[in-house]
Amino acid sequence: MNASHSSYYILIGSSSEAAEPVAWRVALMTEAEVIAQAEEECRVSGEDLEFFAGFELIGTSKRAGSIGAHALTWSRDWMPGEKFKASLLKLGDEGRAFKAFNAANPVQAQAFLAQAAAVGLEAQARALAAGHATNDRG
């Protein structure tokens, strides 16, 4: 299976600035959907996902002292799996929690169920996992 189509159980926590309790929810997303969500948030906030992976902008102009926006490029290309990891960092910033568990890995699936139960979402997590297992077989 292509990694971008791999499914992940997601545990998402968010709270307001007023120190209210964290609101938790669960979701099932593909790697591509996680990356797309992070890229959209970056677009809206004016950030670049590359910065979350430690990329640097480098000048490409040969003329001394003339580095405009058109003369900049990223220092390197993405390594396999790196864009997904950077997306998790972006989606977990600003006081949010965004934890991904590989749905195809039984150990990670059990960790997802345990962590969801710890925040009061055991029933929702079990229903999500059961629905995903049914869809994988059919």
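**Figure 1. The largest nonpolar core of the chain.** Within the largest nonpolar core, which has 14 residues, I10, M29, V34 and F98 touch the most other members. Two or more residues of this core come from each of β1, β2 (23–30), α1 and α3. Helix α1 is the main contributor, giving four residues, the most of any element. The structure shown in this and the following views is a predicted model. Around M29, and apart from neighbours within four places in sequence, the contacts are S6, S7, Y8, I10, V34, Q37 and F98. In soluble globular proteins, nonpolar side chains tend to be buried together.

**Figure 2. Overview of the fold.** The chain holds five helices and five strands. Read from the N terminus, these elements follow the order β-β-α-α-β-β-α-β-α-α. Of the 138 residues in the chain, 30% are buried. Among contacts with a separation of 6 or more, 53% are between residues 24 or more positions apart. The chain has an accessible surface of about 8,600 Å², and carbon and sulfur atoms account for 54% of this surface.

**Figure 3. The buried residues of helix α3.** Helix α3 spans residues 82–91, and its buried residues are E82, F84, A86, S87, K90 and L91. The cover over these buried residues includes β1 (7–14), α1 (31–45), α2 and β5 (97–102). K83, also in helix α3, is partly exposed because its relative accessible area is 27%.

Figure 4. Six aromatic pairs are found in a search of the whole structure. One of them is the stacked pair of Y9 and F112, with 4.8 Å from centre to centre and 15 degrees between the planes. This pair links distant parts of the chain, since Y9 belongs to strand β1 and F112 to helix α4 (residues 106–118), 103 residues apart. Y9 has a relative accessibility of 4% and therefore counts as buried. F112 is likewise classed as buried, because its relative accessibility is 0%.

Figure 5. F55 counts as buried because its relative accessibility is 4%, whereas W74, at 23%, is partly exposed. One aromatic cluster is formed by F51, F55, W74 and W78.

Figure 6. In one, K83 is joined to E39, with the closest N and O atoms 2.8 Å apart. This pair links distant parts of the chain, with K83 in helix α3 and E39 in helix α1, 44 residues apart. E39 has 33% relative accessibility and therefore counts as partly exposed. Side chains of opposite charge can pair when their charged atoms come close.

Figure 7. R96 forms a salt bridge with E41, and the closest N and O atoms are 2.9 Å apart. The two residues lie in distant parts of the chain: R96 in the loop between α3 and β5, E41 in helix α1, 55 residues apart. Both are partly exposed, with relative accessible areas of 25% for R96 and 22% for E41. R96 also meets D93 in a salt bridge, at 2.8 Å from N to O. D93 is buried because its relative accessible area is 14%. Through shared partners, salt bridges join E41, E47, K90, D93 and R96 into one network.

**Figure 8. The surroundings of H132.** H132 is part of helix α5 (residues 122–137). With a relative accessibility of 9%, H132 counts as buried, because buried means under 20%. Apart from neighbours within four places in sequence, the contacts of H132 are S7, Y9, L28 and A103.

How values were computed
Residues are numbered from 1 along each chain as its sequence is written. This is a predicted model: local features need pLDDT of at least 70, side-chain atom pairs count only at pLDDT 80 or more; totals for chains, interfaces and linings use all residues. Side-chain values use heavy atoms; hydrogens and water are left out. Buried means under 20% relative accessible area, exposed over 50%, partly exposed in between (1.4 Å probe, protein chains only). Contact means heavy atoms within 4.5 Å. Accessible areas come from the Shrake-Rupley method with a 1.4 Å probe; for residues, only the protein chains shown count as cover. Rings of Phe, Tyr and Trp (its six-membered ring) pair if their centres lie within 6.5 Å; planes under 30 degrees apart count as stacked, over 60 as edge-to-face and the rest as tilted. A nonpolar core is a set of buried Ala, Val, Leu, Ile, Met, Phe, Trp, Tyr and Cys residues joined through side-chain atoms within 4.5 Å. A salt bridge is a side-chain nitrogen of Lys or Arg within 4 Å of a carboxyl oxygen of Asp or Glu.
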